[in-house]
Amino acid sequence: MFLRVLAFSILLFFCSSCDLVMGLDDSKIVPLDTTIDLSSVDFSPSFPVCDSIITKQEKSTCFRNTMHAKISSELQKHSFTIKEAISETVIVHLLISANGRVVLDEIQSSENIKIQLPKLDRLLKVSVQNLPKITPARKRGIPVVTKYSLPIKIQLKK
(Lines give C-alpha, C1' and ligand atoms only; values in the text may rest on other atoms or scores of the structure.)
Protein backbone atom coordinates (compact mmCIF):
# COMPACT_ATOMS: atom_id res chain seq x y z
CA MET A 1 0.00 0.00 0.00
CA PHE A 2 2.84 2.34 0.88
CA LEU A 3 4.45 1.73 -2.52
CA ARG A 4 1.21 2.57 -4.30
CA VAL A 5 0.86 5.87 -2.43
CA LEU A 6 4.54 6.64 -3.07
CA ALA A 7 4.24 5.81 -6.78
CA PHE A 8 1.07 7.89 -7.07
CA SER A 9 2.76 10.82 -5.26
CA ILE A 10 5.81 10.65 -7.56
CA LEU A 11 3.56 10.49 -10.64
CA LEU A 12 1.54 13.46 -9.40
CA PHE A 13 4.76 15.39 -8.70
CA PHE A 14 6.13 14.77 -12.22
CA CYS A 15 2.85 15.76 -13.86
CA SER A 16 2.62 19.10 -12.07
CA SER A 17 6.28 19.94 -11.44
CA CYS A 18 6.97 21.60 -14.81
CA ASP A 19 4.39 24.29 -14.22
CA LEU A 20 5.57 24.87 -10.66
CA VAL A 21 9.29 24.96 -11.48
CA MET A 22 9.03 27.11 -14.62
CA GLY A 23 6.62 29.53 -13.01
CA LEU A 24 4.51 30.49 -16.01
CA ASP A 25 4.02 34.22 -16.14
CA ASP A 26 0.92 35.29 -18.07
CA SER A 27 2.46 38.71 -18.75
CA LYS A 28 5.19 37.09 -20.91
CA ILE A 29 2.74 35.21 -23.13
CA VAL A 30 2.27 37.04 -26.41
CA PRO A 31 -1.05 36.41 -28.12
CA LEU A 32 -0.70 35.01 -31.62
CA ASP A 33 -2.09 37.29 -34.32
CA THR A 34 -4.21 34.95 -36.43
CA THR A 35 -6.36 37.58 -38.13
CA ILE A 36 -5.14 38.30 -41.65
CA ASP A 37 -6.61 41.16 -43.67
CA LEU A 38 -6.72 39.77 -47.20
CA SER A 39 -8.03 43.00 -48.73
CA SER A 40 -4.75 44.87 -48.32
CA VAL A 41 -1.05 44.17 -48.70
CA ASP A 42 1.91 45.24 -46.59
CA PHE A 43 3.92 46.38 -49.63
CA SER A 44 2.29 47.23 -52.95
CA PRO A 45 3.74 46.11 -56.29
CA SER A 46 6.61 48.24 -57.50
CA PHE A 47 8.68 49.05 -60.56
CA PRO A 48 12.47 49.19 -60.05
CA VAL A 49 12.37 53.03 -60.26
CA CYS A 50 10.01 53.09 -57.25
CA ASP A 51 12.01 50.71 -55.03
CA SER A 52 13.97 53.49 -53.32
CA ILE A 53 10.79 55.19 -52.03
CA ILE A 54 10.10 54.39 -48.41
CA THR A 55 6.53 55.42 -47.59
CA LYS A 56 3.71 53.12 -48.66
CA GLN A 57 1.54 55.89 -50.13
CA GLU A 58 4.33 57.47 -52.20
CA LYS A 59 5.45 54.06 -53.46
CA SER A 60 1.89 53.24 -54.53
CA THR A 61 1.61 56.60 -56.31
CA CYS A 62 4.93 56.02 -58.08
CA PHE A 63 3.77 52.58 -59.23
CA ARG A 64 0.46 53.96 -60.51
CA ASN A 65 2.11 56.88 -62.34
CA THR A 66 4.79 54.65 -63.89
CA MET A 67 2.18 52.13 -65.04
CA HIS A 68 0.09 54.92 -66.63
CA ALA A 69 3.15 56.45 -68.31
CA LYS A 70 4.39 53.16 -69.80
CA ILE A 71 1.02 52.09 -71.21
CA SER A 72 0.24 55.63 -72.39
CA SER A 73 3.56 55.90 -74.24
CA GLU A 74 2.88 52.55 -75.97
CA LEU A 75 -0.58 53.70 -77.09
CA GLN A 76 0.69 57.06 -78.33
CA LYS A 77 2.97 55.29 -80.81
CA HIS A 78 -0.12 54.36 -82.86
CA SER A 79 -2.44 56.54 -84.88
CA PHE A 80 -6.17 56.01 -84.87
CA THR A 81 -8.81 57.03 -87.40
CA ILE A 82 -12.22 57.75 -85.96
CA LYS A 83 -15.62 58.83 -87.25
CA GLU A 84 -16.53 61.04 -84.32
CA ALA A 85 -14.71 62.52 -81.30
CA ILE A 86 -14.21 60.24 -78.30
CA SER A 87 -13.81 61.25 -74.68
CA GLU A 88 -14.29 58.13 -72.55
CA THR A 89 -12.51 56.06 -69.94
CA VAL A 90 -11.48 52.46 -70.50
CA ILE A 91 -10.75 50.36 -67.42
CA VAL A 92 -8.03 47.73 -67.77
CA HIS A 93 -7.93 45.03 -65.09
CA LEU A 94 -4.46 43.56 -64.56
CA LEU A 95 -3.27 40.63 -62.48
CA ILE A 96 0.22 40.93 -61.06
CA SER A 97 1.48 37.45 -60.21
CA ALA A 98 3.60 36.52 -57.21
CA ASN A 99 6.65 36.32 -59.48
CA GLY A 100 6.10 39.83 -60.94
CA ARG A 101 4.47 39.00 -64.28
CA VAL A 102 1.64 41.26 -65.43
CA VAL A 103 -1.31 39.60 -67.13
CA LEU A 104 -4.25 41.37 -68.79
CA ASP A 105 -7.36 40.09 -67.03
CA GLU A 106 -10.18 42.14 -68.56
CA ILE A 107 -10.88 45.34 -70.50
CA GLN A 108 -14.04 47.31 -69.76
CA SER A 109 -14.98 49.71 -72.52
CA SER A 110 -18.12 51.09 -74.10
CA GLU A 111 -19.63 49.84 -77.33
CA ASN A 112 -18.65 53.14 -78.96
CA ILE A 113 -14.96 52.47 -78.18
CA LYS A 114 -15.23 48.88 -79.42
CA ILE A 115 -16.76 50.02 -82.71
CA GLN A 116 -14.50 53.01 -83.39
CA LEU A 117 -11.26 51.50 -82.03
CA PRO A 118 -11.41 47.75 -82.73
CA LYS A 119 -7.61 47.43 -82.41
CA LEU A 120 -7.52 48.98 -78.93
CA ASP A 121 -7.88 45.67 -77.08
CA ARG A 122 -4.97 44.13 -79.00
CA LEU A 123 -2.81 47.23 -78.48
CA LEU A 124 -3.53 47.23 -74.75
CA LYS A 125 -2.59 43.55 -74.56
CA VAL A 126 0.71 44.22 -76.33
CA SER A 127 1.34 47.25 -74.08
CA VAL A 128 0.84 45.12 -70.98
CA GLN A 129 3.11 42.39 -72.34
CA ASN A 130 5.85 44.99 -72.92
CA LEU A 131 5.83 46.15 -69.31
CA PRO A 132 9.07 45.46 -67.44
CA LYS A 133 9.12 42.94 -64.61
CA ILE A 134 7.48 44.23 -61.46
CA THR A 135 8.38 43.56 -57.85
CA PRO A 136 5.24 41.77 -56.60
CA ALA A 137 3.11 42.91 -53.68
CA ARG A 138 3.96 41.38 -50.31
CA LYS A 139 1.80 40.29 -47.42
CA ARG A 140 3.70 39.29 -44.29
CA GLY A 141 6.88 39.01 -46.35
CA ILE A 142 5.35 36.60 -48.87
CA PRO A 143 4.85 37.63 -52.53
CA VAL A 144 1.14 37.60 -53.37
CA VAL A 145 -1.05 37.95 -56.46
CA THR A 146 -2.75 41.34 -56.74
CA LYS A 147 -5.39 42.76 -59.01
CA TYR A 148 -4.91 46.28 -60.31
CA SER A 149 -7.50 48.39 -62.13
CA LEU A 150 -6.02 50.93 -64.51
CA PRO A 151 -8.36 53.65 -65.82
CA ILE A 152 -7.23 54.99 -69.19
CA LYS A 153 -8.76 58.20 -70.49
CA ILE A 154 -9.27 58.03 -74.26
CA GLN A 155 -9.57 61.47 -75.84
CA LEU A 156 -9.51 61.60 -79.60
CA LYS A 157 -10.66 64.47 -81.79
CA LYS A 158 -11.86 64.06 -85.32
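Predicted model: local features only at pLDDT ≥ 70, side-chain atom pairs only at ≥ 80, totals over all residues.
Modeller: Local features here need pLDDT of at least 70 and side-chain atom pairs count only at pLDDT 80 or more, while totals for chains, interfaces and linings use all residues. Residues are numbered from 1 along each chain as its sequence is written, and side-chain values use heavy atoms, with hydrogens and water left out.

Biologist: Which residues have the most contacts inside the largest nonpolar core?

Modeller: A nonpolar core is a set of buried Ala, Val, Leu, Ile, Met, Phe, Trp, Tyr and Cys residues joined through side-chain atoms within 4.5 Å, where buried means under 20% relative accessible area, exposed over 50% and partly exposed in between (1.4 Å probe, protein chains only). The largest such core has 27 residues, and those with the most contacts inside it are Met67, Ile71, Val90, Leu120, Leu124, Ile152 and Ile154.

Biologist: What covers the buried residues of α2?

Modeller: Helices (H or I, at least four residues) and strands (E, at least two) are DSSP runs, numbered from the N terminus. In α2, the buried residues are Lys59, Cys62, Phe63, Thr66, Met67, Ile71, Glu74 and Leu75. Their cover includes β1, α4 and β5.

Biologist: Is Arg140 buried or partly exposed?

Modeller: Arg140 lies in the loop between β3 (137-139) and β4 (142-144), and has a positive phi of about 55° although it is not a glycine. With a relative accessible area of 45%, Arg140 is partly exposed.

Note on methods. Contact = heavy atoms within 4.5 Å.
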